[in-house]
Amino acid sequence: MLSDRTGRTYTQAMLWGLPEPAAHSDEQTVTDGLLGRRSLPAVLATATAWNSTDPATQATLRSAGDLFTAVWDADRQAVHSTGRESGADQVLPPMVAVLESHLADPRRLDDATGGGAISQRYVLTALDGMLSLLRNSRYTPDIGTRLLRTASGLAQLAGWMAFDADLSPSGQCYQLLAVRLALASADHDTVANVLGMLSYQHAAGGKATAAIRFAEAAVETAARSVPTVRARALGRLATAYAAVGDIDAFRTATDRCLAYLDHRRDDDPPSHGLVVAACSNSGAPVVRMSWRTSLFYSSSAASFTSLDEQPPHLTERRWI
């Protein structure tokens, strides 16, 4: 909040009078360029610079303890105009429609190949093209909003692929960029999805408290979204509670998730993402996937003894 009000970046060490952690000048962290007040052109410049960084350098990125602070700062960013009046070429609606239609293809590619090197290069090349259009072309505010949403979708996917490739810090950087780009285009559904991804990744890394914090933020962000988005956020929250060993809270979040899936609407967006992607209309696989995740990531969730045993409270539901 202080950084947002003053325009100057304040770290936790500065606020508490602690010595700043030593860091070499050539080291990069996840939140570099993504803390405090940032104009949209500055965010686009940061995204372009990071996306063009050599993969070997990206692999050396260090984790940051202020990841949630970076999300907080992004969520309180001033609203920017999404139009651009200067540039050699103008982006027209037919071009945007083509770019939007292409976003589904790399998502299917990720489902099939995960974080493979060729898949990552494909997505990063597509993201580079989107960022170039945003920085160098002319477009109306409506077109700019659509371009930003497509770019945020690609950044989100790049982050997930990096996580699949065991490059969590690099993935978190892309996901922070996705949050900034999505908020610039008022796309709160994508923000909720990214927060859910960050929750899942922290649960996978054994950081259950942080996982709950990000999942709760995802649920709050999705509060006015369509049922599928709200169900996905609650699925992440269920996973986070399982990781910390809170079985009652896991069951409550799971039941809420199923309730939203029972009221899924015809205009709900496609179900991309870990929890909902494998979900049938009945919703039961959401529970199975969250439950399996709890077994994999939580030694304290001892109530579930094997992958073949159903949690008792689910036996009366539409288990398939």
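Tutor: Let's start with a meeting of two helices. On one side, L40, V43, L44, T46, A47, W50 and N51 belong to helix 3, and they meet S170, C173, Y174, L177, R180, L181 and A184 of helix 10. Keep in mind that this is a predicted model. The axes of helix 3 and helix 10 come within 11 Å and cross at roughly 150°. An angle over 145 degrees counts as roughly antiparallel, so helix 3 is roughly antiparallel to helix 10. The crossing of helix 3 past helix 10 is left-handed.

Now look along helix 10, the part I'd like you to focus on. This helix covers residues 168-184, 17 residues in total, and its first and last C-alpha atoms are 24 Å apart, close to the 24 Å expected at 1.5 Å a residue. How many of the residues of helix 10 are buried? The count is 16 of the 17, so helix 10 is largely enclosed by the rest of the structure. To put that in context, buried residues make up 48% of the 320 residues in the chain.

Who else touches helix 10? S152 is buried because its relative accessible area is 0%, and the cut-off for buried is under 20%. Leaving out neighbours within four places in sequence, S152 is in contact with A178, L181, A182, D187 and T190. Of the names in that group, L181 also turned up in the meeting of helix 10 with helix 3.

The two ends of helix 10 are worth a stop as well. Most residues other than glycine have a negative phi. D166 is exposed, since its relative accessible area is 66%. After helix 10 comes A186, with a phi near 55°. A186 lies in the loop between helix 10 and helix 11, and here too the phi is positive although the residue is not a glycine. With a relative accessible area of 45%, A186 is partly exposed.

Let's go back to helix 3 for a moment. T48 is found in this helix, which runs over residues 40-51. Is T48 buried or exposed? It's buried, because its relative accessible area is 18% and anything under 20% counts as buried. Setting aside residues up to four places away in sequence, T48 touches L131 and R135.

The buried residues of helix 12 are A208, A211, I212, F214, A215, A217 and A218. An α-helix has 3.6 residues a turn, so residues three or four places apart point the same way. These buried residues of helix 12 pack against helix 5 (67-75), helix 11 (188-204) and helix 13 (227-244).

Helix 13 leads us to another pair. It packs with helix 14 (residues 247-262) at an angle of about 165°, with the axes 8 Å apart. Helix 13 and helix 14 are therefore roughly antiparallel to each other, and helix 13 passes helix 14 in a left-handed crossing. Residues making the contact include P227, R230, L234 and Y241 of helix 13, along with F250, T254, C257 and Y260 of helix 14.

For a contrast in direction, take helix 6 (residues 93-102) and helix 7 (residues 104-113), which pack at about 10° with their axes 4 Å apart. That makes helix 6 and helix 7 roughly parallel, because angles under 35 degrees count that way. Their contact is made by E100, S101 and H102 of helix 6 and A104, D105 and P106 of helix 7.

Finally, zoom out. The chain has 16 helices and zero strands. Among its contacts with a separation of 6 or more, 73% join residues 24 or more positions apart. The chain exposes about 15,400 Å², and carbon and sulfur atoms supply 53% of that.

How values were computed:
Residues numbered from 1 in each chain as written. Predicted model: local features only at pLDDT ≥ 70, side-chain atom pairs only at ≥ 80, totals over all residues. Heavy atoms only, no water. Buried < 20%, exposed > 50% of the residue type's maximum accessible area, 1.4 Å probe, protein only. Contact = heavy atoms within 4.5 Å. Areas by Shrake-Rupley, 256 points an atom, 1.4 Å probe, with all protein chains shown as cover. Expected span 1.5 Å × (residues − 1). Axes fitted to C-alpha atoms, helices over the stretch in contact; angles between N-to-C directions. Parallel < 35°, antiparallel > 145°, perpendicular 65-115°, else oblique. Left-handed = near helix turned anticlockwise from the far one by under 90°.
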